[in-house]
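Here are my notes on the model you sent over. Have the structure open while you read, and go point by point.

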Amino acid sequence: MKPAARTMLALIGMFVIAYATHVLAETPSPPGAKVYFINLKDGDEVDSPFLVQFGLSGMGVAPAGVEKPNTGHHHLIIDATLTPDELTQPLPADDHHRHFGGGQTEAMVTLPSGKHTLQLILGDWTHIPHAPPVMSDVITVTVREHEGTK
């Protein structure tokens with residue numbers, strides 16, 4: 001291979017590594033940042049659907065895809081826990097990991113009757129939790145059973 005081609009390939013490789021490192025790097029969170037439930041507390045009983053209001057202090061909310069320091073968007077974890085490895089990768093999007101990438105600060109949630117765990121976690125512009133993670137305590141809510149829902 002000619003030296004010029006070898007140099008070009010090396011430069012392309014360095015660019016790809018730098019880009020991947022930037023995209024997949026964890027975004028730092030400022031000291032004291034907190035995410036919390038505004039209208040729910042551990043042990044609450046609710047009717048489904050119910051409103052979940054997301055609180056945040058020490059940071060701002062920005063939609064997914066918007067890279068701005070000290071901001072993120074909310075994710076609601078339902079009946080699941082996050083492993084240390086999951087806290088370094090983009091959060092999945094499924095029934096147990098709900099994304100609010102539009103910058104929403106509240107949502108109506110529909111769950112079947114019974115006990116459910118809820119946790120909020122802030123994701124950066126790429127859906128990766130910040131370092132250190134900005135996440136709420138896990139709370140348990142009970143969705144009341146109503147006639148016709150048995």
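The points below run from overall make-up to local details.

1. First, the ground rules. This is a predicted model, where local features need pLDDT of at least 70, side-chain atom pairs count only at pLDDT 80 or more, and totals for chains, interfaces and linings use all residues. Residues are numbered from 1 along each chain as its sequence is written, and side-chain values use heavy atoms, with hydrogens and water left out.

2. On confidence: pLDDT is the predictor's confidence in each residue, from 0 to 100. The protein averages 88, and 83% of the residues score at least 70. Residues 16-23 fall below 50, and that stretch has 4 contacts in the model beyond near neighbours in sequence (contact means heavy atoms within 4.5 Å). Where pLDDT is low, the predicted coordinates should not be read in detail.

3. The overall make-up is 1 helix and 9 strands, in the order α-β-β-β-β-β-β-β-β-β along the sequence. Helices (H or I, at least four residues) and strands (E, at least two) are DSSP runs, numbered from the N terminus. Of the contacts between residues at least 6 apart in sequence, 68% join residues at least 24 apart.

4. Some surface figures. The accessible surface comes to about 8700 Å², and 61% of it belongs to carbon and sulfur atoms; areas come from the Shrake-Rupley method with a 1.4 Å probe, and for residues only the protein chains shown count as cover. Buried residues make up 33% of the 150 in the protein, where buried means under 20% relative accessible area, exposed over 50%, and partly exposed in between.

5. Have a look at strand S8 (residues 114-123). Why is S8 largely enclosed by the rest of the structure? Because 7 of its 10 residues are buried. S8 pairs in the antiparallel sense with strand S5 (residues 71-78) over 6 bridges, and His73 stands opposite Gly123 in S8. S8 also pairs with strand S9 (residues 139-143), again in the antiparallel sense, over 5 bridges; there, His116 has Val141 in S9 as its bridge partner. Two strands count as paired if DSSP finds at least two bridges between them.

6. Next, the aromatics. Rings of Phe, Tyr and Trp (its six-membered ring) pair if their centres lie within 6.5 Å; planes under 30 degrees apart count as stacked, over 60 as edge-to-face and the rest as tilted. By that rule there is 1 aromatic pair. Phe54 and Phe100 make up this tilted pair, with 5.0 Å centre to centre and 55° between the planes. The two sit 46 residues apart, Phe54 in strand S3 (residues 50-57) and Phe100 in strand S6 (residues 97-100). Both Phe54 and Phe100 are buried.

7. How many salt bridges does a search of the whole structure find? It finds 3, a salt bridge being a side-chain nitrogen of Lys or Arg within 4 Å of a carboxyl oxygen of Asp or Glu. One of them joins Asp44 to Lys41, with the closest N and O atoms 3.0 Å apart. Asp44 counts as buried at 15% relative accessibility, while Lys41 counts as exposed at 55%.

8. Arg144 forms a salt bridge with Glu45, closest N and O atoms 3.6 Å apart; Arg144 is in the segment after S9 and Glu45 in strand S2 (residues 45-46), 99 residues apart. Arg144 and Asp47 also meet in a salt bridge, at 3.1 Å from N to O. Asp47 lies in the loop between S2 and S3, so this pair ties together parts 97 residues apart in sequence. Through shared partners, Glu45, Asp47 and Arg144 join into one network.

9. Last, the backbone. Most residues other than glycine have a negative phi, and most peptide bonds are trans. The peptide bond from Ser48 to Pro49 is cis, with omega near 0°, and so is the one from Ala131 to Pro132, with omega near -5°. Asp79, in the loop between S5 and S6, has a positive phi of about 55°. His127, in the loop between S8 and S9, has a phi near 75°.

Note on methods:
Buried means under 20% relative accessible area, exposed over 50%, partly exposed in between (1.4 Å probe, protein chains only).
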